[in-house]
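I opened this structure for the first time today and kept notes as I went. The entries below record what I looked up, in the order in which I looked.

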Amino acid sequence: MQLDIAADELKSVLNRLRRAQGQLAAIIRMVEEGRDCEDVITQMAAVSRALDRAGFAIIATGLQQCLADGGNEPADRDQMRARLEKLFLSLA
C-alpha cells in the first residue's frame with residue numbers, strides 16, 4: 001500500500017509530526033534539566049496523542065483510497081482491509 005496523500009492532507013499530517021517532534025525535543029530538555037515528573041509525563045502524553053492523530057490521518061487516507069478503488073477483486077479488498085485494520089489496531 002503506497003501512501004498517496006493530497007497536498008492539504010499532507011500538510012496537516014506534516015504539521016502534526018513537526019509539532020510532535022518539537023514536543024519530543026522539549027521533553028528531552030525537561031529530562032536533562034531534571035524537571036518535575038508530572039510535567040514530563042504530561043508532555044509525553046501530548047506527543048503520543050499527536051503521533052496517534054498523524055497515524056490515524058494516514059490510515060484514513062488509506063481507507064479513502066481503498067474505497068475509491070472499487071474495481072479491485074474481493075480477495076484484494078479483503079487483504080487490504082486486513083492490512084488497514086492491523087495498522088489501525090497498532091495505534092489503538
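These entries go from the whole chain to single residues.

**Entry 1: ground rules.** I am reading a predicted model, in which local features need a pLDDT of at least 70 and side-chain atom pairs count only at pLDDT 80 or more, while totals for chains, interfaces and linings use all residues. Residues are numbered from 1 along each chain as its sequence is written, and side-chain values use heavy atoms, with hydrogens and water left out.

**Entry 2: confidence.** I looked up pLDDT, the predictor's confidence in each residue on a scale from 0 to 100, and found that the protein chain averages 82, with 84% of the residues scoring at least 70. Confidence is highest in α1, at a mean of 90, and lowest in helix α3 (residues 74–91), at a mean of 77. I keep in mind that where pLDDT is low, the predicted coordinates should not be read in detail.

**Entry 3: the fold in outline.** I took helices (H or I, at least four residues) and strands (E, at least two) as DSSP runs, numbered from the N terminus. The protein chain has 3 helices and 0 strands, and from the N terminus on its elements run α-α-α. I then looked at contacts, meaning heavy atoms within 4.5 Å: among those between residues at least 6 apart in sequence, 69% join residues at least 24 apart.

**Entry 4: inside and outside.** I used the classes buried (under 20% relative accessible area), exposed (over 50%) and partly exposed (in between), with a 1.4 Å probe and protein chains only. Of the 92 residues in the protein chain, 18% are buried. The chain exposes about 6,800 Å², of which carbon and sulfur atoms supply 55%; such areas come from the Shrake-Rupley method with a 1.4 Å probe, and for residues only the protein chains shown count as cover.

**Entry 5: the core.** Which residues form the largest nonpolar core? I found 6 of them, namely A20, I27, M30, V40, V47 and A50, where a nonpolar core is a set of buried Ala, Val, Leu, Ile, Met, Phe, Trp, Tyr and Cys residues joined through side-chain atoms within 4.5 Å. The elements giving two or more residues to this core are α1 (7–32) and α2 (37–68). Leaving aside neighbours within four places in sequence, V47 touches A20, Q23, L24 and I27.

Entry 6: L51 is found in helix α2 and is partly exposed, because its relative accessible area is 42%.

**Entry 7: two more residues.** R53 lies in helix α2 and is partly exposed at 46% relative accessible area; R53 and R16 are 37 residues apart in sequence and 7.6 Å apart, C-alpha to C-alpha. I28, in helix α1, counts as partly exposed at 45%, and I28 and V40 are 12 residues apart in sequence, with 8.9 Å from C-alpha to C-alpha.
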